[in-house]
Amino acid sequence: MHRRPGLSARLKLTLSYAGFLAVAGALLLTVVWVFLLRYVPDTPKGLLGISPNRYLLVHTFAPAAAVAMGFLLVFGLVGGWVLAGRMLAPLTQITAAAGTAGNGSLSHRIRMAGRRDEFRELADAFDTMLEQLESHVAEQQRFAANASHELRTPLAISRTLLDVARKDPTRDQDELFERLQTVNTRAIDLTEALLLLSRSDRGNVTRESVDLSLVAEETAETLLPLAEQRGITLDVTGGATWTGGSAELLLRMVTNLVQNAVVHNLPVGGTVTVHTEAQGGASVLRVENTGHPLPPELVPTLTEPFQRGTERVRTDEHAGVGLGLAIVHSIVRAHDGTLDLVPRPAGGLLVTVRLPGTP
């Protein structure tokens with residue numbers, strides 16, 4: 001934004017300090033005149049012929065008062081300039097750090113020393129903001145690199161299949177079409193997941209009353225054939241649990257959690273339990289599944305985009321794109337909720353989603 005040049009804050013503080021001293025000095029002289037000189041007799045011989053009269057005191061006091069006022073003005077200007085510089089020095093550091101950040105360097109920190117005051121609180125808040133921005137930018141760069149890699153893989157496979165088909169016209173066309181359809185479906189799923197993740201990250205979701213218990217039942221009906229195919233027992237328990245948010249995004253959240261629990265389960269005899277309840281003003285959704293034990297250090301990485309634990313990678317038709325829990329985390333965050341992932345001692349995972357409840 002273009003602004004017209006004006007007085008600096010340091011000069012304004014200097015003028016204010018000098019003006020305050022000048023006004024204080026003038027008030028002091030006025031008090032002296034009102035409460036002292038007005039009671040001095042104005043006679044040629046003075047008081048009892050000894051004390052000087054008012055005329056002599058005024059002519060003696062006026063030059064000294066003028067010199068004192070001039071000294072106060074100069075002292076106010078010089079002292080105000082020095083004091084304003086010392087007071088505004090932290091602001092200069094903050095401005096320099098902001099300029100550095102504006103040029104693209106987010107790693108710089110002010111780390112202002114000294115006891116806490118308004119400027120140091122501002123500097124600490126600015127450092128915290130820079131840290132969050134740096135983390136967010138690094139996360140976005142990493143996400144963009146991973147997304148580019150994931151999208152490039154199915155495209156490269158499609159090109160390879162087409163090159164092979166062109167070089168070998170006798171190759172089975174049905175097999176080629178089937179593999180191309182599989183690769184193309186995976187690319188479409190990945191693109192839709194990226195769009196959904198971007199939408200939920202923006203946080204501009206529509207708000208309406210949603211019953212999580214109904215969403216859980218709808219999800220269970222949809223994924224029941226997949227659970228039966230894998231020999232997984234799928235149960236939905238709990239009562240009505242109302243929250244405010246986007247019905248579409250919340251349905252995707254529950255679907256991703258339940259599908260993740262079904263796919264990453266025991267080969268035979270596994271269970272998945274979905275429970276909803278209102279608890280302390282919050283709407284709680286729990287998805288618990290059996291499965292292989294998970295290393296504790298692996299759990300925090302499960303919500304990162306394209307992060308798949310070595311024990312959780314699938315090679316079948318439900319391999320996924322590594323965005324399931326990342327989308328869940330983003331949707332929960334967009335709805336002002338919390339997401340907790342706890343590995344079960346016997347194996348599997350307990351996922352708890354807490355969202356603001358509504359009547």
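How many of the 11 residues of helix 7 (residues 324-334) are buried? The count is 8, so helix 7 is largely enclosed by the rest of the structure; here buried means under 20% relative accessible area, exposed means over 50%, and partly exposed lies in between (1.4 Å probe, protein chains only). Please keep in mind that this is a predicted model, in which local features need pLDDT of at least 70, side-chain atom pairs count only at pLDDT 80 or more, and totals for chains, interfaces and linings use all residues. Residues are numbered from 1 along each chain as its sequence is written, and side-chain values use heavy atoms, with hydrogens and water left out.

**Helix 7 and what follows**

- Helices (H or I, at least four residues) and strands (E, at least two) are DSSP runs, numbered from the N terminus.
- The buried set in helix 7 consists of Leu 325, Ala 326, Ile 327, Val 328, Ser 330, Ile 331, Val 332 and Ala 334.

**Salt bridges**

- Side chains of opposite charge can pair when their charged atoms come close.
- With a salt bridge taken as a side-chain nitrogen of Lys or Arg within 4 Å of a carboxyl oxygen of Asp or Glu, the count is 6.
- One of them joins Arg 109 to Glu 134, with 2.7 Å between the closest N and O atoms. This pair links distant parts of the chain, 25 residues apart: Arg 109 sits in the loop between helix 2 (54-102) and helix 3 (118-167), and Glu 134 sits in helix 3.
- Arg 109 is buried at 13% relative accessibility, while Glu 134 is partly exposed at 31%.
- Another salt bridge brings together the side chains of Arg 120 and Asp 117, at 2.7 Å from N to O. Arg 120 counts as buried at 18% relative accessibility, and Asp 117 as partly exposed at 26%.
- Arg 344 and Glu 288 also form a salt bridge, at 2.8 Å from N to O. The two residues are 56 residues apart and link distant parts of the chain, with Arg 344 in the loop between strand 6 (338-343) and strand 7 (349-356) and Glu 288 in strand 5 (residues 282-289).
- Arg 344 is partly exposed, at a relative accessible area of 23%, and Glu 288 is partly exposed as well, at 32%.

**Strand pairing**

- Two strands pair if DSSP finds at least two bridges between them.
- Strand 5 and strand 7 run antiparallel and are joined by 8 bridges. Val 284, for instance, has Arg 354 in strand 7 as its bridge partner.
- Strand 7 also pairs with strand 6, again in the antiparallel sense, over 6 bridges. Here Val 342 has Leu 350 in strand 7 as its bridge partner.
- The hairpin of strand 6 and strand 7 has 5 residues between the strands, and in this hairpin Gly 347 takes a positive phi near 115°.

**The aromatic pair**

- Rings of Phe, Tyr and Trp (its six-membered ring) pair if their centres lie within 6.5 Å; planes under 30 degrees apart count as stacked, over 60 as edge-to-face and the rest as tilted.
- The structure holds 1 aromatic pair. Its members are Phe 71 and Phe 75, which are stacked, with 6.0 Å from centre to centre and 20° between the planes.
- Phe 71 and Phe 75 both belong to helix 2, where they lie 4 residues apart, about one turn of the helix.
- Phe 71 is exposed at a relative accessible area of 55%, whereas Phe 75 is partly exposed at 43%.
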